[in-house]
Amino acid sequence: MIFSILAVFGGLVALALGGELLVRGAVGISKMLGISPLITGLVVVGAATSMPELVASVQAAMLGSPGIAWGNIVGSNIANSLLILGAGALIAPIAMRGIGKRDALIGLVAALFLWLATYAQWASPMLGAALLAALVVYILWRLRQLPETGEDDGDGEGDPIWWLALLQFGGGLAALVGGGDLLVGGAIELAEMAGVSQTAIGLTVVAVGTSLPELAATAAAALRGRSELAIGNVVGSNLFNLLLIGGVTMTIAPQPIPFELADIEWPVLVASALLILGLCRYASRLGRGLGALLLAAFAANTALVFAL
């Protein structure tokens, strides 16, 4: 049991460090390419911070643990919307200004579709390929849009060094792969020893662990007043979790999404996606009071996972 706990802890540390390096490298690369802050958050940082979830879910699926794989996907999105965004708002209120409305709507549609797929128990490589194709279409469409902020980020940092950005990106990716292997292996063993379902472990321990890069990126963006990057990171990561990670997982391990997610956790995910859409459309800012409520909702959902 000690070795399993050490494996989970070591995996979490590797994921956190790897995610930080990957985000730094991704932001540096995006600056060199002249990509706007919102697009950087949605596509570059959103994809980069989703790499821990991708590694963990794919490795879990290949080990025959769909509960951890899909529990990680669903749990990570819930953690992004409630834990990560709530913590970011507590650190520094986030100005919304109506940004990311279209992206949040696409995220809601994707969540509803996969909730339906869970009820229908659809499972095939074709379904996985369709999710990946939808992601490619989304990225191409989004990159063709004019920047919603219209200006450079102006964060006062110097120009990125291309070789350092690539080194950070590659080193971060390597740390994520190793950390994901440790985390998933240790989580499976702990679930078996504790008599807790693999889905519950995926929804909590693995999901929160693989969401650490999103927490680091969102907290840093909130502190620096980078609202577009903070919101874009959460919304983009949620989209990549559903379409990229769900697509890859379904393609390489076409097993039905665990039905135990259908009645409670998928509704929580859909409700959180609807909340994000409402905030993006109507809220002028996300203050500390609402941030505290989001954290309370996340804590209540976590307690419910272990109570059932």
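1. Buried face of α7. In this predicted model, the buried residues of helix α7 are Ala165, Gln168, Gly172, Leu176, Gly179, Gly180, Leu183, Val184, Gly186, Ala187, Ile188 and Ala191. They pack against α1 (2-33), α3, α4 and α8. An α-helix has 3.6 residues a turn, so residues three or four places apart point the same way.

2. Span of α7. The helix covers residues 162-194, which makes 33 residues. From first C-alpha to last, α7 reaches 47 Å. That is close to the 48 Å expected at 1.5 Å a residue. Glycine 195 follows α7, and its phi is positive, near 70 degrees.

3. Helix α8. This helix runs over residues 198-210 and has 13 residues. Its end C-alpha atoms are only 16 Å apart. A straight helix would reach 18 Å at 1.5 Å a residue, so α8 falls short of that. How much of α8 is buried? The count is 10 of the 13 residues, so α8 is largely enclosed by the rest of the structure. The buried positions are Thr199, Ala200, Ile201, Gly202, Leu203, Thr204, Val206, Ala207, Gly209 and Thr210. As noted for α7, α8 is one of the helices that its buried residues pack against.

4. Serine 65. This residue is found in the loop between α3 (51-62) and α4 (66-91). Is serine 65 buried or exposed? Its relative accessible area is 4%, under the 20% cut-off, so it is buried. Leaving out residues up to four places away in sequence, serine 65 touches Ala60, Ile188 and Gln198.

5. Serine 57. This serine lies in helix α3.

6. Alanine 16. This residue lies in helix α1. Alanine 16 has 29% relative accessibility and counts as partly exposed. The residue is 36 positions along the chain from proline 52, and the two C-alpha atoms are separated by 8.8 Å.

7. Secondary structure. The chain has 12 helices and 2 strands. Along the sequence, the pattern reads α-α-α-α-β-α-α-α-α-α-α-α-β-α.

8. Overall dimensions. Does the radius of gyration agree with a compact globule, or disagree? For 308 residues, such a globule would have a value near 19 Å. The chain has 18 Å, which agrees. Along the principal axes, the C-alpha atoms fill a box of roughly 50 × 40 × 40 Å.

9. Buried residues make up 54% of the 308 residues. What share of the contacts with a separation of 6 or more comes from residues 24 or more positions apart? That share is 89%.

10. Surface and charge. The chain exposes about 12,600 Å². Carbon and sulfur atoms supply 71% of that area. On the charge side, there are 12 positive and 18 negative side chains. The centres of the two sets lie 13 Å apart.

Definitions and conventions. Residues are numbered from 1 along each chain as its sequence is written. This is a predicted model: local features need pLDDT of at least 70, side-chain atom pairs count only at pLDDT 80 or more; totals for chains, interfaces and linings use all residues. Side-chain values use heavy atoms; hydrogens and water are left out. Helices (H or I, at least four residues) and strands (E, at least two) are DSSP runs, numbered from the N terminus. Buried means under 20% relative accessible area, exposed over 50%, partly exposed in between (1.4 Å probe, protein chains only). Contact means heavy atoms within 4.5 Å. The radius of gyration is taken over C-alpha atoms; the globule rule is 2.2 Å times the number of residues to the power 0.38. Accessible areas come from the Shrake-Rupley method with a 1.4 Å probe; for residues, only the protein chains shown count as cover. Lys and Arg count as positive and Asp and Glu as negative; His and the chain ends are not counted. The place of a charge is taken as NZ of Lys, CZ of Arg, CG of Asp or CD of Glu.
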